[in-house]
Amino acid sequence: MRVPAVVRRDLVCQQVVELVTAYLEGALSRSGRRRLEKHLGGCPHCTEYLAQIRETIRLAGRLTPEDLTPQMRSDLTEVYRRWRAEG
Amino acid sequence: MVALRPAVAAGDTLPAMESDAELLRRLRAGDEQAFVTLVERHNGSMLRLAASFVPSRAVAEEVVQETWLAALRGLAGFEGRSSLKTWLFSILVNRARSAGVRESRTIPVADAGPVVDASRFGPDGAWLSPPEHWIEEAESRIDAVKLAELLRSALDGLPARQREVVVLRDVEGLTSAEVCGVLAISEGNQRVLLHRGRGKLRQVLETELGGGSR
């Protein structure tokens with residue numbers, strides 16, 4: 001089994017998936033970003049992986065919060081009135 | 001709720017949705033309806049966030065109530081440097097953390113494992129078992145309600161710290177700086193937690209929706 005060199009070797013897929021979030025966060029160095037994009041350019045699987053992470057983020061953003069229940073609404077109105085009474 | 005809003009001052013146009021700042025101004029002036037509107041706007045997000053810290057729905061509701069009361073009491077000190085939502089979340093996280101301790105829910109640190117199982121790569125680090133397609137399937141094969149349920153349960157399955165970060169970033173749409181402030185964690189820690197959390201959600205979606213038999 002080859003041990004990947006630390007320096008300037010092309011990135012392999014297993015490294016790329018661990019760098020995806022740093023990439024999306026803009027946290028990679030310029031050279032790091034270039035190496036990652038070079039890999040993506042030649043690797044449909046990692047490109048698919050990145051697209052899936054983006055889709056995961058998009059779907060999470062579509063989750064809607066629950067509606068206020070009548071019970072919570074009246075509890076919170078009570079909270080407000082308690083606060084007002086504190087003067 | 002069908003109720004007429006109070007008349008607006010001359011020269012104002014009736015906005016489709018009042019800003020938080022305007023509602024806060026009215027709230028400070030003693031307008032209960034402004035409070036109700038703020039509650040309607042933010043309570044659902046707060047409840048969801050609280051639920052990611054504490055184990056039971058009842059405790060989450062309690063934490064949210066405490067948060068609103070603390071926010072009302074701290075109203076004079078809110079200077080609008082952050083958004084109201086971020087400020088409410090910060091209060092809530094403090095309350096929820098202490099409630100979470102009361103409920104003795106352990107808060108594990110980020111697990112250190114890889115985001116994709118190592119067995120899916122060959123010795124050269126290239127994919128042996130590449131990602132299965134599911135993006136198109138996500139919305140065509142199962143309906144929106146089931147998809148939401150799937151995501152919710154996947155979120156529930158995350159370690160608490162990862163869930164908190166993913167909920168704030170990806171569900172609530174806060175920036176990384178806001179999340180770091182709300183949770184009092186470093187940028188690097190936030191990124192690691194986000195990375196693990198997103199990776200696990202993706203894996204759940206692949207497992208549930210992917211074509212293969214893994």
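The model is a predicted one, so local features need pLDDT of at least 70 and side-chain atom pairs count only at pLDDT 80 or more, while totals for chains, interfaces and linings use all residues. Residues are numbered from 1 along each chain as its sequence is written, and chains are lettered from A, ligands numbered from 1, in the order in which they are written.

Chain A has four helices and zero strands, where helices (H or I, at least four residues) and strands (E, at least two) are DSSP runs numbered from the N terminus. Along the sequence, that reads as α-α-α-α. Of its 87 residues, 21% count as buried, which takes 20 or more other C-beta atoms within 10 Å of a residue's own; 12 or fewer makes a residue exposed, anything in between is partly exposed, and C-beta atoms are placed from the backbone.

A:Arg82 sits in helix 4 (residues 70-86) of chain A. A:Arg82 counts as exposed because it has 11 C-beta neighbours inside 10 Å. Its C-alpha atom is 58 Å from that of A:His45, a residue 37 positions away along the chain.

As for the pairing of chains, 46 residues of chain B are in contact with 37 residues of chain A, contact here being C-beta atoms, placed from the backbone, within 7 Å. Several helices of chain B each supply at least two residues to that side, including helix 3 (57-73) and helix 9 (187-209). Helix 2 of chain B gives the most, with ten residues. The side of chain B that touches chain A is made up of 26 nonpolar, eight polar and twelve charged residues; Ala, Val, Leu, Ile, Met, Phe, Trp, Tyr, Cys and Pro count as nonpolar, Asp, Glu, Lys and Arg as charged, and the others, Gly among them, as polar.

How values were computed
Contact = placed C-beta atoms within 7 Å.
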